[in-house]
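Please look over the structure shown here before reading the notes that come after it. They are arranged by topic, for a reader who wants to check each point against the atoms.

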Amino acid sequence: MAALDRCYNIHDLRAVAKKRLPRGIFEFVDRGTEEGVALAENRAAFDRLRLLTRFMVDLSKRDMGTTIFGQRSALPFAIGPTGGVGLLWPQGELALARAAAAVGIPFALATGSTTSIETIARAGGRLWFQLYMLDEVDISYDMVARARDLNYEALIVTIDSGLGRVREHNERNGYDFPFRPNMRAFTDMMLHPGWLIGVLLRSALTTGAPKTVNYPAKYQRLIDWGNAPRPRRYTAMTWKDIAKLRAFWPRKLLVKATLSATDARLAVEHGADGVIVSNHGGRAMDSALSTIEALPEIVAAVGDRATVMLDGGVRRGSDVAKALAIGAKMVLLGRATLYGVAAGGQPGAEKALGILASEFEKTMGYLGCRTVDELDREIFARPMKV
């Protein structure tokens, strides 16, 4: 695709995605919550970290891969769980899963995906499943059982559901999911005929209009005419629920949205094999700590007992190096690969992964590091300020 050929970084992919998508859908992906403070701070905290170069190191043999849960990953990042990707590209989650498999990294499927657990299982590669516990707990366990029986490698339980989000831009744009018909959104969509034909019409003629397909049939709809039921997240969730899931799930269990040492320790004490340091990409509480700032304390608390990962704000390969040097074993990518798939489907997602891989390798070279294991806090200029 010609547009992809002119994309040299993640910001270029974002620009293409912004041009292709209706405003409401783009801003649903691109923006955070309230004032956007947490969203901006995720990036700013990465940018404040300065690195020390080290030259005259033999870099003829380099290996950017790592081992996660006993298996090799070609790169120290995975595609994290994001919902509604079918609104960006037909069967968008499938495009992301295939891109991850092609590159040799894990892919995490979201509860609110527009492609089923079963369809993604046929894509191959290393697959993880992300769960929001719902008020109808039996629905949650049914999804977990389906992922279990299809040999998904890991279960990610997201714990920052709270009481919902404050995202005024969605209301201003007339956008929600499921979509409720309104003039603002329809006008926006009509101004993007390429998206209408290439995504909405193409999907409708092949796999059907995008909808959240992993829920029971009564919840599976794109358009909500005002009286459709919606699954509600389980606001009574406690650490006991993690322990119950631990007993039910036979493989790796990860707890996502830990931002404190206390929560990280409790996650491990209740059976988690790993924690994902995350503030939901700045889409949950706007005054939340940035993930790279939270990382050192969590690594100190559980890094010798559990696998620590991070998401939020990763836009450059140098961000990956910084997170790994502080103690994360892997980073999960959200918006970076969403911009890619919105810009060009699976090739666009692979383009995003290729850009980050190239930047990461170059950063490693400047740091004088030949393998991921050589990354440590000595790479930071002193004093190390996050």
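The model is predicted. Its largest nonpolar core has 105 residues, and the structure also holds 19 salt bridges.

**Nonpolar cores**

- Within the core of 105 residues, the residues with the most contacts inside it are Phe77, Leu295 and Leu375, while helix H15, spanning residues 335-366, supplies the largest share of this core with 14 residues.
- Leaving aside residues up to four places away in sequence, Leu295 touches Val277, Val308, Leu310, Ala323, Ile326 and Ala328.
- In soluble globular proteins, nonpolar side chains tend to be buried together.

**Strand E9**

- Strand E9 (residues 307-311) is mostly covered, with five of its five residues buried.
- Strand E8 (residues 274-277) runs parallel to E9 and is joined to it by four bridges, with Val275 having Val308 as its bridge partner in E9.

**Surface patch**

- Phe55, Met56 and Tyr366 make a nonpolar surface patch of about 450 Å².
- Met56 lies in the loop between helix H4 (37-48) and strand E1 (66-68), and Met56 counts as exposed because its relative accessibility is 85%, where the cut-off for exposed is over 50%.

**Salt bridges**

- Arg43 and Asp47 meet through their side chains in a salt bridge of 2.7 Å, N to O; because the two residues are four apart in helix H4, they are separated by about one helical turn.
- Asp47 is partly exposed, with a relative accessible area of 41%.
- Arg43 also forms a salt bridge with Asp319, in which the closest N and O atoms are 2.7 Å apart; Asp319 lies in helix H14 (residues 317-326) and Arg43 in helix H4, so this pair ties together parts that are 276 residues apart in sequence.
- Asp319 counts as buried, because its relative accessibility is 1%.
- Glu41 forms a salt bridge with Arg48, with the closest N and O atoms 2.6 Å apart; Glu41 counts as partly exposed at 24% relative accessibility, and Arg48 likewise counts as partly exposed at 39%.
- Arg23, Glu27 and Arg31 are linked in a network of salt bridges.

Terms used. Residues are numbered from 1 along each chain as its sequence is written. This is a predicted model: local features need pLDDT of at least 70, side-chain atom pairs count only at pLDDT 80 or more; totals for chains, interfaces and linings use all residues. Side-chain values use heavy atoms; hydrogens and water are left out. A nonpolar core is a set of buried Ala, Val, Leu, Ile, Met, Phe, Trp, Tyr and Cys residues joined through side-chain atoms within 4.5 Å. Buried means under 20% relative accessible area, exposed over 50%, partly exposed in between (1.4 Å probe, protein chains only). Contact means heavy atoms within 4.5 Å. Patches are made of residues with over 30% relative accessible area and no salt bridge: like charges are joined within 9 Å, nonpolar side chains (Val, Leu, Ile, Met, Phe, Trp, Tyr) within 5 Å. Accessible areas come from the Shrake-Rupley method with a 1.4 Å probe; for residues, only the protein chains shown count as cover. A salt bridge is a side-chain nitrogen of Lys or Arg within 4 Å of a carboxyl oxygen of Asp or Glu. Two strands pair if DSSP finds at least two bridges between them.
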